[in-house]
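Here is a short briefing to read alongside the structure. Take a moment to look it over, and then follow the topics below.

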Amino acid sequence: MLDREEPHHFGAGPAQLPTPVLQQAAKDLINYNGIGLGIGEISHRSKDATKVIDDAKKHLIELMDIPDTHEVFFLQGGGTTGFSSLATNLEAAYIAKTGEVAPGGYLVTGSWSQKAYEEAKRLHVPAQVIFNSKDFNDNKKFGDIPEESQWSDRVKGNKYAYVYLCENETVHGVEWQSLPKCLTEDPNIEIVADLSSDILSRKIDVSKYGVIMAGAQKNIGLAGLTLYIIKKEILKNIESMDTDKLAEMHIPITPIAFDYPTVAKNNSAYNTIPIFTLHIMDLVFKHLITKGGVKAQEEENIKKAEILYNALESYPDFYNLPVAPKSRSRMNVVFTLKKDNLDEKFLKEAAQDKLTGLKGHRSVGGFRASLYNALTLESVELLVKFVKKFAEENK
């Protein structure tokens with residue numbers, strides 16, 4: 001009853017999950033660990049729920065080699081919740097540390113970092129765009145990340161409460177290959193990063209980040225829950241900030257459910273955490289550990305992206321790749337057709353080959369193949385075969 005034909009789903013999120021994870025989760029939804037209740041029915045403050053929270057933290061720390069300087073917690077909502085909660089929490093932390101107000105700086109490389117900046121402005125949290133990559137591209141579209149030398153002078157010598165970037169822009173298929181040196185080499189800058197799409201897809205140095213946010217529904221679980229990794233020093237600064245002083249300075253006060261110190265002190269259970277969703281996330285973590293961890297997954301992800309990009313590039317008169325090679329995402333491969341009136345045919349014939357989720361985001365059109373961790377190399381090989389066949393048959 002719990003078996004299924006292995007899907008080849010390239011959707012950007014909610015995304016495909018490993019079948020063994022879903023099979024175990026389905027059993028646990030009915031009867032968790034033989035207690036006679038499903039995982040979604042137990043109290044969020046019970047011993048069983050606490051163990052799920054603690055295990056998820058432990059496995060994430062193991063996978064990402066998270067240092068003792070940082071804390072892990074889980075928060076209801078997704079990336080959009082993070083846009084607002086990050087702005088208010090980090091501004092409070094900066095004021096507590098310095099006694100001053102400074103803007104959050106935003107590196108805008110796609111629609112998600114743009115939305116994060118717009119939310120901070122909407123809330124009247126001080127914020128400014130350090131650069132918008134559209135301004136550096138001839139076509140005035142997202143599709144490349146400017147060289148650091150072109151914008152680093154906007155960082156050096158300036159004060160920012162934090163600097164925000166989205167490491168992987170799912171809509172436009174743009175990815176930071178590494179953190180900018182002008183950020184990592186400045187001890188006064190707290191790097192705040194949205195890793196929703198590429199969390200656990202490659203090894204990173206967590207110590208370089210002030211805060212990491214990652215919504216679950218793309219690479220690690222179901223919608224409705226987001227993981228946070230934050231410097232303990234930042235938590236202490238937020239907690240020490242007098243909310244009356246924030247009000248006097250016209251800085252929005254963070255709602256209690258999204259106040260990071262409150263959530264962390266209560267082990268992610270200040271309010272009712274969606275424990276089934278977290279359990280699935282932990283099952284994904286354990287599944288990845290059995291595969292060999294992040295290093296093994298990164299090697300697989302490099303191979304998946306390489307063979308698909310190579311296949312698309314082998315038909316330059318048929319497929320268009322709008323993202324500059326140095327900024328291409330391993331997680332989200334975006335492309336268009338150079339011939340008109342073939343898009344629906346491409347999707348229809350791909351679906352006939354059981355290749356689904358390939359339609360591009362509504363704001364940009366075209367196609368997008370999301371190659372998240374759960375998508376196997378075999379699935380990508382099948383897509384490569386189809387991409388070549390479709391080009392040959394429709395020249």
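On the side of domain 1 that touches domain 2, strand S7 (174-175) and helix H6 (216-219) each supply at least two residues. Sorted by class, that side of domain 1 has 6 nonpolar, 9 polar and 7 charged residues. Please keep in mind that this is a predicted model.

**Domain layout and buried area**

- In terms of contacts, 22 residues of domain 1 touch 23 residues of domain 2.
- About 1900 Å² is buried between domain 1 and domain 2, and carbon and sulfur atoms give 49% of that area.

**Salt bridges**

- The structure as a whole holds 19 salt bridges.
- How many salt bridges are counted between domain 1 and domain 2? The count there is 1 salt bridge.
- Lys-326 and Asp-144 are joined through their side chains in a salt bridge, at 2.8 Å from N to O.
- Another salt bridge pairs Glu-167 with Arg-202, whose closest N and O atoms are 3.0 Å apart.
- This pair links distant parts of the chain, as Glu-167 and Arg-202 are 35 residues apart. Glu-167 sits in the loop between S5 and strand S6 (168-169), while Arg-202 sits in the loop between strand S8 (191-194) and strand S9 (211-215).

**Aromatic pairs**

- The count of aromatic pairs comes to 21.
- One of them is formed by Phe-73 and Tyr-260, which are 5.3 Å apart centre to centre. With 50° between the planes, the pair of Phe-73 and Tyr-260 is tilted.
- Phe-73 belongs to strand S2 (residues 70-76) and Tyr-260 to helix H9 (residues 260-265). The two residues are 187 residues apart, so here too distant parts of the chain are linked, as the definition of helices and strands lets us place them.

**Backbone features to check**

- Most residues other than glycine have a negative phi, and most peptide bonds are trans. The residues below are listed with that background in mind.
- Which peptide bond is cis, with omega near 0°? The bond from Gly-13 to Pro-14 is, and Pro-14 lies in the loop between strand S1 (8-9) and helix H1 (19-30).
- Lys-140 is not a glycine, yet its phi is positive, at about 60°. You will find Lys-140 in the loop between strand S4 (127-132) and strand S5 (162-166).
- Asn-267 likewise has a positive phi, near 50°, in a residue other than glycine. Its place is the loop between H9 and helix H10 (275-291).

Notes: Residues numbered from 1 in each chain as written. Predicted model: local features only at pLDDT ≥ 70, side-chain atom pairs only at ≥ 80, totals over all residues. Heavy atoms only, no water. Contact = heavy atoms within 4.5 Å. Buried area = accessible area lost by both parts, 1.4 Å probe. Salt bridge = Lys/Arg side-chain N within 4 Å of Asp/Glu carboxyl O. Helix = DSSP H or I, 4+ residues; strand = E, 2+ residues; numbered from the N terminus. Nonpolar A, V, L, I, M, F, W, Y, C, P; charged D, E, K, R; others polar. Phe/Tyr/Trp six-rings, centres within 6.5 Å; stacked < 30°, edge-to-face > 60°.
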